[in-house]
Amino acid sequence: CLMIRGPPRSTLDRSSAASDVYKRQALNKIKSPLRMIAETKPEYMMTLFGYPEWQTYTRECLDDFYALNTYIYSNFYADNLSQDVSSFYTHYKTWFSKNLINTFPKYGILGFDTGMFFLDAINKYGTNFENCLLYTSPSPRDSCASRMPSSACKKKKK
């Protein structure tokens, strides 16, 4: 198991370009030697843990990520190999006449998902949907689908 040390304190701002450059340089510096070790010493069973921003490096690093059994922690993830994500990229390009920006998180996907969540809530519960938002999804602590009595949030009449 290998974890890369964080950037110097002067580059701790997550949005700073210097921090991103540092992380890319650190990855580029270690991936070839680690890949050589992984291929010559498979008994080591290496696993690499990476920064969330590494999701944006998949074009140039995907083979290395697979070879090094890489895990990337993230609150946001888009599986670029899935048919749904690929379809979203195609539709995005059609709708906006440009490619989705390769950032972390994928703001285009996050915005779409957030918009769909609220549009679905408005469709189901009408303009007072905010009274029901806390209760439309199950809690990890609960075994039931809602923590609010069914009479509290009635579906919108069509």
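**Helices, loops and a nonpolar patch**

Q: How many Å² does the accessible surface of the protein chain come to, and what share belongs to carbon and sulfur atoms?
A: This is a predicted model, where local features need pLDDT of at least 70 and side-chain atom pairs count only at pLDDT 80 or more, while totals for chains, interfaces and linings use all residues. Residues are numbered from 1 along each chain as its sequence is written, and side-chain values use heavy atoms, with hydrogens and water left out. Accessible areas come from the Shrake-Rupley method with a 1.4 Å probe, and for residues only the protein chains shown count as cover. On that basis, the protein chain's accessible surface is about 11,700 Å², and the share of carbon and sulfur atoms is 57%.

Q: In what order do the elements of the protein chain run from the N terminus?
A: Elements are DSSP runs numbered from the N terminus: helices are H or I with at least four residues, strands are E with at least two. From the N terminus, the order is β-α-β-α-β-α-α.

Q: What percentage of the 158 residues of the protein chain count as buried?
A: Relative accessible area decides this: under 20% is buried, over 50% is exposed, and in between is partly exposed (1.4 Å probe, protein chains only). For the 158 residues of the protein chain, the buried share is 27%.

Q: Which residues of helix α2 are buried, and why do they sit on the same side?
A: Arg59, Asp63 and Tyr66 are exposed on the other side of α2. In α2, residues 58-67, the buried residues are Cys61, Asp64 and Phe65.

Q: Where does Met45 lie, and is it buried or exposed?
A: Met45 isn't a glycine, yet its phi is positive, about 45°. Most residues other than glycine have a negative phi. Met45 lies in the loop between α1 (17-40) and β2 (48-50). With a relative accessible area of 67%, Met45 is exposed.

Q: What value is the phi of Ser97 near?
A: Ser97 lies in the loop between α3 (83-96) and α4 (107-125). Ser97 is also exposed, at 66% relative accessible area. Its phi is positive, in a residue other than glycine, and near 55°.

Q: Which helix supplies the largest share of the nonpolar patch?
A: Patch residues have over 30% relative accessible area and no salt bridge, with like charges joined within 9 Å and nonpolar side chains (Val, Leu, Ile, Met, Phe, Trp, Tyr) within 5 Å; a salt bridge is a side-chain nitrogen of Lys or Arg within 4 Å of a carboxyl oxygen of Asp or Glu. Here, Trp95, Phe96, Phe112, Met116, Leu119 and Ile122 make a patch of about 620 Å². Both α3 and α4 supply at least two residues each, but the largest share, 4 residues, comes from α4.

Q: Which residues is Tyr92 in contact with, leaving aside neighbours within four places in sequence?
A: Tyr92 lies in helix α3 and is buried, with a relative accessible area of 15%. Its C-alpha atom is 9.3 Å from that of Ile109, 17 residues away along the chain. Taking contact as heavy atoms within 4.5 Å, the partners of Tyr92 are Ser97, Lys98, Asn99 and Leu100.
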